[in-house]
Amino acid sequence: MANYTIENPCLRARITDNGACLLSLECLGNGGHILRQWLVKDKWHPAESAMFPMLPFANRIAGNCFSVSDKIYTLPQSPFNDPYYLHGNGWLTQWRLLEIKDSYIILRSQPAPIGIYYYIADIEYRLIDNQFTAKITLIHLGKQPAPYGAGFHPFFQTSLDDTVQFSSTGYWSENEFHLADEWHEEIPGYMNFSQPRVPSAKWINNCYSGWNGVAQITNRLRKITLSSDLPWLMVYQNGNDNFVCLEPQSHQVNAHNIPGRPGLRMLQQGDSYSIDMSIKIVALPQY
């Protein structure tokens, strides 16, 4: 497990080649840690990182399988205690360093094929003034066209006075298998972030529709703005720890088994697909 650091006068990020995960993102002024920092342990688990990439799909696929052109493709058994293969294999893969400078890094991976997925991926993390940016680029290598998706899974560190705000048109409830159930236009109060709201100490693991691509986490010291042109936002918190995950993703949960495969991109051999995201931190004036 090789770790790398990129830094500019405003921000510092630590990255590992194990899963291309972020280990930390921090302000060098008074902002402190923006994302939950990874605590050094003997055993590595990417879900304990500050952020991990989701590729070649996000979340779970019902039955752990889907069909393309009337052929059923089954995914491997999850290496974790989960009935479904979760978040693809990008975060489970060893990446290699392509390039690193003071304020940016590029990593590449070519994971072993799973199901229909055979691809190569680059991920670029960059610091530009007070902004962190991330970009994933996938290239499909397989002969059979495949439906691709991707996303980012950051763990934003929160305090008691942090509020979260983003716009949406509704959300999908969650079933017992952590898959999307029914879509609802009316959002329960503790899950409704249309106005700034302090996250409650409750379980949330839901996908929101109609996201406008901007989410903010604010306290008296600073404002964090998450931006992406991806159309879906997944929100996760376990109700126990001081974090909230705001996860931009390209497709609906279980889109592989929904008519039209909403948000997935069907790639032919050699086709590419890219997604990006930014996190901007602004210190607020103190009076």
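**His-251.** I began with the side chain of His-251, which reaches the backbone nitrogen of Ala-58 at 3.0 Å. I counted that as a polar contact (a pair of N or O atoms within 3.5 Å; within protein, one must be able to donate a hydrogen and the other to accept it, and residues adjacent in sequence count only if both atoms are side-chain atoms). I was working on a predicted model, where local features need pLDDT of at least 70, side-chain atom pairs count only at pLDDT 80 or more, and totals for chains, interfaces and linings use all residues. Side-chain values use heavy atoms, without hydrogens and water, and residues are numbered from 1 along each chain as its sequence is written.

I placed His-251 in the loop between β20 (243-249) and β21 (265-267); strands here are DSSP runs of E, at least two residues, numbered from the N terminus. Is His-251 buried or exposed? It counts as buried because its relative accessibility is 1% (buried means under 20% relative accessible area, exposed over 50%, partly exposed in between, with a 1.4 Å probe and protein chains only). Leaving out residues up to four places away in sequence, I found that His-251 touches Phe-57, Trp-232 and Leu-264, among others (contact: heavy atoms within 4.5 Å).

**The sheet.** Next I traced an open sheet of eight strands, in the order β7-β8-β9-β10-β22-β18-β17-β13, with antiparallel pairing (two strands pair if DSSP finds at least two bridges between them). β7 (96-100) and β13 (163-166) stand at the edges with a single partner strand each, so one side of each has no neighbour in the sheet. Further in, I noted six bridges joining β18 (residues 222-227) to β22 (residues 272-283). Leu-226 has Ile-279 of β22 as its bridge partner.

Terms used:
Helices (H or I, at least four residues) and strands (E, at least two) are DSSP runs, numbered from the N terminus.
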